[in-house]
Every structure is written in C-alpha cells, then in structure tokens.
Amino acid sequence: MDGVTVIDHPLVQHKLTFMRKKETSTAGFRRLLREISTLLCYEVTRNLEMTTERIETPIQGMDAPILEGKKLVFASILRAGNGLLEGMLDLVPAARVAHVGLYRDHETLQPVEYYFKAPEDLRDRLVIVVDPMLATANSAIAAVQMLKDRGAANLRFLCLLAAPEGVERFRAAHPDVPVYTASIDSHLNEKGYIVPGLGDAGDRMYGTK
Ligand code: PRP
Ligand code: URA
C-alpha cells in the first residue's frame, strides 16, 4: 500500500514472534520491545536528510556526513508508546520528546486525552509518532492531529503491529504521514483488538490488567 512500509527484517520478525507469545513475561516483553524499537528506529530514520561537516581525523581533513536540520522529535502516545521511545532514544539520544496522553475508552473505542506536552518549535522538525499498536487508528489519528495543531508539518508514524482497517483509516485521515510497521495483521475483532496481535500492549508492558 502506498505510504506504508512493512519492516520485515529477520531480527524484527523473530523478536515480534516472542512478543506475541502469551507466556512471555512482563520483563521479557519489555526487553524485547526495547530491543525491537532500536531496529525499527533504524528503518524509520533510513532516509533522513544529510549534510557534511568539515572535520579533522588524525590523518587528514574531510567533509564528513552528519544529519541535516534541527533535532528530531519522538512523540510517544502514552502509555505503550514509551516502550518504543526508550530504544529509539538509545539510538538518537539528542532527540526531543513529545508526550501525548491518550487512552481508548473500551466501550466506544474513542481516544480520551489526559496529557499533552511537546517542544514548542515543531514546525521545522521531523516528528516521529510512536505507538506499538495501530488498531482502529482512532488514537493515532487524534495524536497526529494534536501535533499538527501545534505546528508539526513533517511527520511519520511508527508502530509494531497494525490492523488493515487501522492503516486504511489512518492513511485516509493523514495521507501526508507515512506509516512504518513490523506487521499488518489479519483484522480487528469485535472488541477492537488486533488479530492475531499480541494482546493489550500497555498491560503486557506494565503488568496491569
Ligand atoms: C493502546 C495502544 C494505542 C491504542 C491503539 O493504548 O497503545 O494507543 O490502544 O488502539 P486504536 O488504534 O484503536 O486507537 P490504550 O488505549 O490501551 O492505552 P495504554 O497505552 O495506556 O494502555
Ligand atoms: N491496543 C492494544 O494494546 N492492542 C490491541 O490489539 C488493540 C489496541
């Protein structure tokens, strides 16, 4: 699908299988999510714009490649987004961070906002929105809109698992925002869970129910 990248790296797919298993412990799930997020971060940043800087090696001078432009922003959709955020900050420690507090009302499946904090100057920065799950896409659509309302104009959305329904709805709502995911699963069930999925990502990360 246009604007959608499935990250099919063998290490990503292997780790994802262990995350899906229902017997994987909270500690194991959290560790795998942190590991996998560094691999996803590598892919979502693959085509960042570059420039060069004049440096001196111990041997001679050279024009060496460095990232162009202002620092990246990682926008985490709470709570589960923080599981992706940690590993991404391991790779890009200077990134700025936005937190978007949303939870899904279990009856309506509509997102309820409870927190928002972002760097002020979003306009000139690439904003990578992270959340492990894209189910109905209600949360992702709302989070991206909140960031756009604060000036963000260059965004990408990164998740671990997506439902086909969610990808379609997200792309229709925000056609300018490319989606990166490790898997597009089969469908959503009647409770809005991704099938086969991995269950509730936030609960599995934090040991809640
Ligand atoms: C989960 C997940 C997404 C959302 C996806 O969060 O982390 O934010 O559901 O579902 P959607 O695409 O149908 O909106 P949840 O609301 O369970 O909150 P949590 O991260 O605090 O557990
Ligand atoms: N949120 C989750 O954590 N899991 C799903 O399957 C759907 C939404």
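1. The 12 residues of helix H4 (138-149) should span 16 Å at 1.5 Å a residue, and the end C-alpha atoms of H4 are 16 Å apart, which agrees; the expected span is 1.5 Å times one less than the number of residues. Helices (H or I, at least four residues) and strands (E, at least two) are DSSP runs, numbered from the N terminus.

2. This is a predicted model, in which local features need pLDDT of at least 70, side-chain atom pairs count only at pLDDT 80 or more, and totals for chains, interfaces and linings use all residues. Residues are numbered from 1 along each chain as its sequence is written, while chains are lettered from A and ligands numbered from 1 in the order in which they are written.

3. Among the buried residues of H4 are Asn138, Ser139, Ile141 and Leu147, where buried means that 20 or more other C-beta atoms, placed from the backbone, lie within 10 Å of the residue's own. Just after H4, glycine 151 takes a positive phi of about 110°.

4. H4 also gives the largest share of the shell around ligand 1, namely 3 residues; a residue is near a molecule if its C-beta atom, placed from the backbone, lies within 6 Å of it. Of the 23 residues around ligand 1, those that come nearest are Arg104, Ala135, Thr136, Ser139 and Gly202, and the elements that give two or more residues to this shell include strand E5 (96-104) and helix H6 (201-206).

5. Around ligand 2 stand Met133, Ala135, Gly192, Tyr193, Ile194, Gly197, Asp200, Ala201 and Gly202.

Note on methods:
Buried ≥ 20, exposed ≤ 12 C-beta atoms within 10 Å, placed from the backbone.
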